[in-house]
Amino acid sequence: MKYFPVSLEKVSVRNGFWGKRMELARKVIIPLQWKILNDRVRGAEESHAVKNFKIAAGKMKGTFKGCLWQDSDVVKWLEAAAYSLATNPNKELERKIDKLIDLIARCQQKDGYLNTRFTIQDKDKRWCNLCYSHELYCAGHLIEAAVAYCKATNKRKFLDVAIRNADCINKVFGPHKGQRKGYPGHQEVELALVKLYHVTGDKRYLRLAKFFLDQRGQKPNYFETERSGNIVLVSRKEFDDAVRKGGYQYNQSHLPVRLQREVVGHAVRAAYMYCAMVDVGLETADKELIQATKQLWDNLTQKRMYITGGIGSSGSNEGFTVDYDLPNETAYAETCASIGFVFWAHRMLHIEMNGRYSDLMEQVLYNSVLSGMSLDGRLYSYANPLASYPVNGKNSPGSSITSTRQKWFKCACCPPNLLRLLTSLGEYIYSHTENELYLNLYTSSRTKVNLNGRKVVVAQKTDYPWDEKICIDVSPEIESAFTLSLRIPGWCRKVSLKINGRNQKVSEITKKGYARIYRLWKKGDQVELVLSMPIEGVSAQPAVRHNAGRIAIQRGPVVYCLEQIDNGRNLNCVVIPKNTRLKAEFDSRLLGGCVVIKAAAKRHSGDKTRLYGKADDFQAKVVSAKAVPYFLWGNRGEGEMLVWIRET
């Protein structure tokens, strides 16, 4: 059976938790990031991204500035703006995008090549260093943006630019004589090519995506072959040092993709590759690709993932190390990696509608994704640690992670990536088959779908995740029999379900995390779902040494943390006694309105003139502890933060 997401333009998200954040994206973040990309925001790191396109187009003089992937910042913003237009038409924004597309089109070379770095300088060095150049990575983001804009507006100019660029790549790379047998050092173009195949129906793009996956990890390693040639962008010593440090695991080229069983290397590269493996696996019925992604999923979620859904524990490779190595203060958990994890979870969900995938998608969204920006949408974090003891602007002594969110970054991959997820979020809420509609995420929203050839309107009204109740209106155009499937989260122990006021037995109809309600539906039918949200103290697998003797607090899908502003300094001295009653309260005046958790706790202290002593030397006094949602930390000034709290 084939499963499909309900397309973005068919979903309206208004008010509620996600509606407010999508409105923030439209009204604040889109215009703010556009100004930053054009270097018009005081105090922000210089972008130079739009200037690079102007220089490459011959509209101004200058040199290329920024990271090798600087083009992607612009087209990711464009993709996000396109998603916004799909649900909220805006003529002024559309005109701005059209002018940007005209600029991008002027940069395209006669053979379809499009990359400002190698147009402005090193014109004869195209494709000479796939390991580092990010040419294919930038092309992938351009293709994704073009597909999104064409869907939103039915305008083809940008799509035609992307097609010419993809055709150029297709001529250069492939299995035939005279073609290069390489693949990208940073995965992205693979999943983009599948999107291009979907919108054009041209199987060349699907075959090229499959080729890139199939070539990865073959021997001799293509990047080693590059090393023996004319290395550009880095010295031979830098190349060798990088390989010695991270090996070819860094970009997941150490093994053929179908043989990979552990998530390794750079977390964003990995997540994008896994997305492509699902896409190509589903389109080509490649069972080996699908099975490999399932095993990689298990390795990640059972051994290498933070409770927030953050992935990639090490800053040295922006990625994975070994099983159960999940430090808190130095946790990297890059925002882009969390976003890639959401993309992957959503794709896994469409292999089979299983609640374990939608549960993780929700967990990542509410925690490690949203922690990547400030409440007002104006500041961003690159890394998302689970503990912070700031010293001199750093997360902790010896840490490379900043302790506060920033306006922008020299490597600014995360802010526009977060924006494109927010503006496309409607596509993650519902999925369907020919006769079944699945509710994957709960938020106030409305959709219109065809089930069994008949139009059905479904609307949710809820203050989830703060409130436990979700009200669902079901209105088919005429009476119709179909299945409405409601996700029952794995964290939920008690569920109440009513249809038109009558209680239903959930356990009898729940399969793989979804309560499947099959009946003859008529206009005005109402479903009430109550997902009990007790506060839980969560323990880590004992092999996670960093969390020994500690608990994390979770309510529903939301993970909580202590902050210095509420609990004073030295948060590691705060101890939660076992069996302490945890109390949830909604505070409408705090951080835009949120549920906080309070508990009686103990604070250990002692003779500060002595570094060590007997256990009795360190006294404890009773205090009141207050925890706030982790994703909201750092919005009230710099201070300590702690997710995993000591327990006695």
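**Exercise 1.** Which residues form one aromatic cluster?

*Solution.* The cluster consists of F17, W18, Y366, Y442, Y464, W466 and F631.

Two notes on the source: this is a predicted model, where local features need pLDDT of at least 70, side-chain atom pairs count only at pLDDT 80 or more, and totals for chains, interfaces and linings use all residues. Residues are numbered from 1 along each chain as its sequence is written, and side-chain values use heavy atoms, with hydrogens and water left out.

**Exercise 2.** Count the aromatic pairs, then classify Y382 and F409.

*Solution.* Step 1: apply the rule. Rings of Phe, Tyr and Trp (its six-membered ring) pair if their centres lie within 6.5 Å; planes under 30 degrees apart count as stacked, over 60 as edge-to-face and the rest as tilted. The count is 29 aromatic pairs.
Step 1: take Y382 and F409. Their centres are 5.8 Å apart, with 75° between the planes, and the pair is edge-to-face.
Step 2: locate them. Y382 lies in the loop between α16 (355–369) and β3 (387–388), and F409 in the loop between β3 and α17 (414–423), so the pair ties together parts 27 residues apart in sequence.
Step 3: check burial. Both Y382 and F409 are buried (under 20% relative accessible area, 1.4 Å probe, protein chains only).

**Exercise 3.** How are the rings of Y438 and Y514 arranged?

*Solution.* Step 1: the centres are 5.4 Å apart and the planes at 90°, so Y438 and Y514 are edge-to-face.
Step 1: Y438 is in strand β5 (residues 436–439) and Y514 in strand β13 (residues 514–521), 76 residues apart.
Step 2: Y438 and Y514 are both buried.

Definitions and conventions
Helix = DSSP H or I, 4+ residues; strand = E, 2+ residues; numbered from the N terminus. Buried < 20%, exposed > 50% of the residue type's maximum accessible area, 1.4 Å probe, protein only.
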